[in-house]
Amino acid sequence: MAKITRSVSAKKSRVPFVPKKVAKKAAKALPSLAKKSAKPKSLKPKPWTPAEVHEAFSRFRKASPEPKGELEHLNPYTLLVAVVLSAQATDAGVNKATRALFAVADTPSKMIALGEEKVREYIKTIGLYRNKARNVIALSEKLIAEFGGEVPRTRAEIETLPGAGRKTANVVLNMAFGEHTMAVDTHVFRVGNRTGLAPGNTPLEVELGLEKVIPSEFMLHAHHWLILHGRYTCLARKPRCEVCLINDLCRWPEKTV
Ligand code: SF4
C-alpha cells in the first residue's frame, strides 16, 4: 500500500528519481555552493568624482543661473511662516492661503494681533491647519519675547521656534540670509539617493553628504537646483531621464537612458 502511494505522488509532482548515493553527494556539495553564491554583491554606486560633481552643477547653473524657491514671502518672517505651513503641503497650496494672510500680517506683532482663530480661517485649506495656526502664533510670540521680533540667524535658534525643525531652519538661513545650507525635502532626498550623489537613509545623512561633495561655489543655489530637478525632471514615479541634464552622470541603475 505504502509503495503505491509513493509512486503516485512522485508521478504527480514529477520529481525525478534520485538514487540515495547521488543525493548524499549533492547534499555534501551544497554548503560550498551556498558559500560561493552568498558572496555579497556590492549595491553601492560608484561615488561621484569631484570633476563629475562640478560638471553636474555647472550644467544646473547654466540652465538656471538664479533659481528661486516657489514659496511666496515678503521678508524673513513671512518666509519662516510659509515654510512652517508647507510641511506636508504643496508650495502652490501654501501660496494660495498666504497671499491673503501676509497682506494683513507680515510681522510677528500683526500676526498676534490677528489672533489664532483668524489665522486658522486664512489657512484652513492647508493640511494640519489647526496645529499650524497654533504654531504660527506661538512662534510669533517667541520671536517677540526672545529675539526682538526678528528671525534669528542661527540654526539652533530657529529650531527652538514652534513648528520649525532643521529643514525649516536650513531653508530660512539659505533663502533669507544667504547661508550655504542644504535643506533636504522629499525631492532632494530622492535625487541625492537616486543619482548616487549623496546616498543616505535619513534626510540628515543626505544633507551632510551633499554638503561634503558640492563645491562651495554652488552651495548658495544647490538646494534649489536639486529641488527643482526632483520636482520637474527626476520625478518620483516616472523620472524624465531622456531630458535630464545629468543623465550621463547619474548612477541610478534604473535610469531609462
Ligand atoms: S537620469 Fe533619470 S534618475 Fe538619473 S537624475 Fe536624471 S531623471 Fe533622475
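View 1. Ala138 is found in helix H8, where helices (H or I, at least four residues) and strands (E, at least two) are DSSP runs, numbered from the N terminus. This is a predicted model, in which local features need pLDDT of at least 70 and side-chain atom pairs count only at pLDDT 80 or more, whereas totals for chains, interfaces and linings use all residues. Residues are numbered from 1 along each chain as its sequence is written. Ala138 counts as partly exposed because it has 15 C-beta neighbours inside 10 Å; a residue is buried if 20 or more other C-beta atoms lie within 10 Å of its own, exposed if 12 or fewer, and partly exposed in between, with C-beta atoms placed from the backbone. Although Ala138 and Gly163 are 25 residues apart along the chain, their C-alpha atoms are separated by 8.9 Å.

**View 2. The protein as a whole, with 13 helices and zero strands.** Read along the sequence, the pattern is α-α-α-α-α-α-α-α-α-α-α-α-α. Of the 257 residues of the protein, 32% count as buried. Among the contacts with a separation of 6 or more, 56% are accounted for by residues 24 or more positions apart, two residues being in contact if their C-beta atoms, placed from the backbone, lie within 7 Å.

**View 3. Helices H4 and H5 where they pack together.** Two packed helices are described by the angle between their axes and the distance between the axes. For H4 and H5 the angle is about 145° and the axes are 11 Å apart; axes are lines fitted to C-alpha atoms, for helices over the stretch in contact, and angles run from 0 to 180 degrees between N-to-C directions. H4 passes H5 in a right-handed crossing, a crossing being left-handed if the near helix is turned anticlockwise from the far one by less than a right angle, and right-handed if clockwise. Thr78, Ala82 and Leu85 of H4 meet Val94, Thr98 and Phe102 of H5. By class, this contact of H4 with H5 has four nonpolar, two polar and no charged residues, where Ala, Val, Leu, Ile, Met, Phe, Trp, Tyr, Cys and Pro count as nonpolar, Asp, Glu, Lys and Arg as charged, and the others, Gly among them, as polar. Val81, whose place is also in helix H4, counts as buried because it has 30 C-beta neighbours inside 10 Å. Val81 and Lys132 are 51 residues apart in sequence and 9.3 Å apart in space, C-alpha to C-alpha.

View 4. Most residues other than glycine have a negative phi.

**View 5. Arg120 in helix H7.** Arg120 counts as partly exposed because it has 16 C-beta neighbours inside 10 Å. Leaving aside its neighbours within four places in sequence, Arg120 is in contact with Tyr129, Arg130 and Ala133. Arg120 and Leu101, 19 residues apart in sequence, are 10.0 Å apart in space, C-alpha to C-alpha.

**View 6. The buried residues of helices H12 and H11.** In helix H12 (residues 203-213) the buried residues are Pro203, Val206, Glu207 and Leu210. They lie on the same side of H12 because they cover an arc of only 100° around the axis, the arc being that of the directions from the helix axis to the C-beta atoms. The face of H12 turned away from this buried side carries the exposed residues Leu204 and Lys212. The buried residues of H12 pack against helix H10 (166-177), helix H11 (186-195) and helix H13 (216-232). In H11, Val188, Phe189, Val191, Gly192, Arg194 and Thr195 are buried, and what covers these residues includes H12 and H13. Just after H11, Gly196 takes a positive phi of about 85°.

**View 7. The shell of residues around the ligand.** The ligand is surrounded by 13 residues, of which the closest are Cys234, Pro239, Cys241, Cys244 and Cys250; a residue is near a molecule or strand if its C-beta atom, placed from the backbone, lies within 6 Å of it. By class, the shell divides into seven nonpolar, three polar and three charged residues.
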